[in-house]
Amino acid sequence: MNYLNRARELFNDVISVRRDLHQNPEVGFELPNTVKTIKNKLDEFGINYEMLEDTYAIIGSLGDSKKGKSILLRSDMDALAIEEKSEHKYKSKNDNGHLCGHDMHASTLILTLKMLKENEENLEGQVRFLFQPAEETLNGGKLMLEKGILDKLKVDAGLALHMWPNGEELGVLISKGPALASALNFRITIKGVGAHGAMPFTGVDPVFVASQIINGCNGILARELPSSKGASLSMGYITAPGGQVNVVPDTVIIEGTSRSLYGESSKHVAKRLPEIVEHIGKAFRAETEFEVLANVPPLVNTDKIADLVKDSATSALNGEYIVEFIEPGLASEDYAHIASKLPESCYFFVSCPLPDENGKVYAVHHPYVQFNEEALIIGSASMAQSAENWLRENK
């Protein structure tokens, strides 16, 4: 099948799905309307599926496992709790926004499955799929593993994609080896004793302790990790409820994240952060609590399937769009939970810039970001061709 031509023929149909999802974004683990829309299309295409236990995750398959191996195609489908600011006729109708492109991802997978279903007899194995909730929490992929998705699907490789609206031109971008960073998201609670600002010695100042913790934790990066295998650490949120210009509060809360492309480094930071928090707290008489909000490993593309995806996308797109290898980035993706358990996996980007009237493009999570819908054609043609080629070459 010529997947590029077929995707163009089906474009108007999938556009209506994408815009419906875009106008009605849902967040987190509870996605009833999103799931209903996707299930309706799968029913229309005659594609077998089921819900994954008691979650808003859809799993299913097509092809014949007796012919060969199985490959997983995964899409997320949750939105962000951020109000969309850009003005267009299919803008979000509520206070949430598909500002990371998960509506595009889900629609791309729907189109991919439609084409593979039409070409089912020629598939030399089985395509299995997952529409996943709660990627933005970085805990959706973890929940999928806890619900036994890999035991149910029994796949030999995996593919996933992400839209990249601030790319330079339309096309496919792939990393070999580390593609995205680990993410350790955490909350630190420091409990002291409140006091008058003029008499801090009568209490235990959690603001002072917080400042020492922030400085001390950054010492991990400077003194405990080799420069060739570094990590980042950012404390992005701090609050001191009850504190005022002349009031020492009794509690401070810090939230932050650490990222790394290297598994050993991310594990070291995850071990050392709570130790430093605990001991600095004790040094200054404060009680501390370290809470892990999410812990995602680095997302690594295995070389063989990364090469296959590049070759497949190049063939499918027929020189009409760019297909390039790129350097890894420090964003994170909870597909890494699943990918880390697979023998082979590739996660690629679809560059999809759509400049506004001033020629400006925005990155994901920005309230004014927009996505070039032509990327639905590019992503689905590339993914479908990659899945078919992988099954044939790994029979």
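Visitor: At roughly what angle do the axes of helix α7 and helix α8 cross?
Guide: In this predicted model, helix α7 covers residues 206-223 and helix α8 covers residues 263-283. Their axes come within 9 Å, and the crossing angle is roughly 150°.

Visitor: Why is α7 described as roughly antiparallel to α8?
Guide: The axes of α7 and α8 cross at roughly 150°. Angles over 145 degrees count as roughly antiparallel. The crossing angle therefore makes the orientation of α7 to α8 roughly antiparallel.

Visitor: How many nonpolar, polar and charged residues form the contact of α7 with α8?
Guide: α7 contributes Val209, Gln212, Ile213, Gly216, Cys217, Ile220 and Leu221, while α8 contributes His268, Val269, Arg272, Leu273, Ile276, Val277, Ile280 and Gly281. Gly is counted among the polar residues. By class, the contact of α7 with α8 has ten nonpolar, four polar and one charged residues.

Visitor: Is the crossing in which α2 passes α4 left-handed or right-handed?
Guide: Helix α2 (residues 11-23) packs with helix α4 (residues 102-118) at an angle of about 150°, their axes being 9 Å apart. That angle makes α2 roughly antiparallel to α4. The crossing of α2 past α4 is right-handed.

Visitor: Which residues in α4 are met by Val14, Val17, Arg18, Leu21 and His22 in α2?
Guide: By class, the contact of α2 with α4 has seven nonpolar, two polar and two charged residues. On the α4 side, the residues met by those of α2 are Asp103, Met104, Ala106, Ser107, Ile110 and Leu111.

Note on methods. Residues numbered from 1 in each chain as written. Predicted model: local features only at pLDDT ≥ 70, side-chain atom pairs only at ≥ 80, totals over all residues. Heavy atoms only, no water. Axes fitted to C-alpha atoms, helices over the stretch in contact; angles between N-to-C directions. Helix = DSSP H or I, 4+ residues; strand = E, 2+ residues; numbered from the N terminus. Parallel < 35°, antiparallel > 145°, perpendicular 65-115°, else oblique. Contact = heavy atoms within 4.5 Å. Left-handed = near helix turned anticlockwise from the far one by under 90°.
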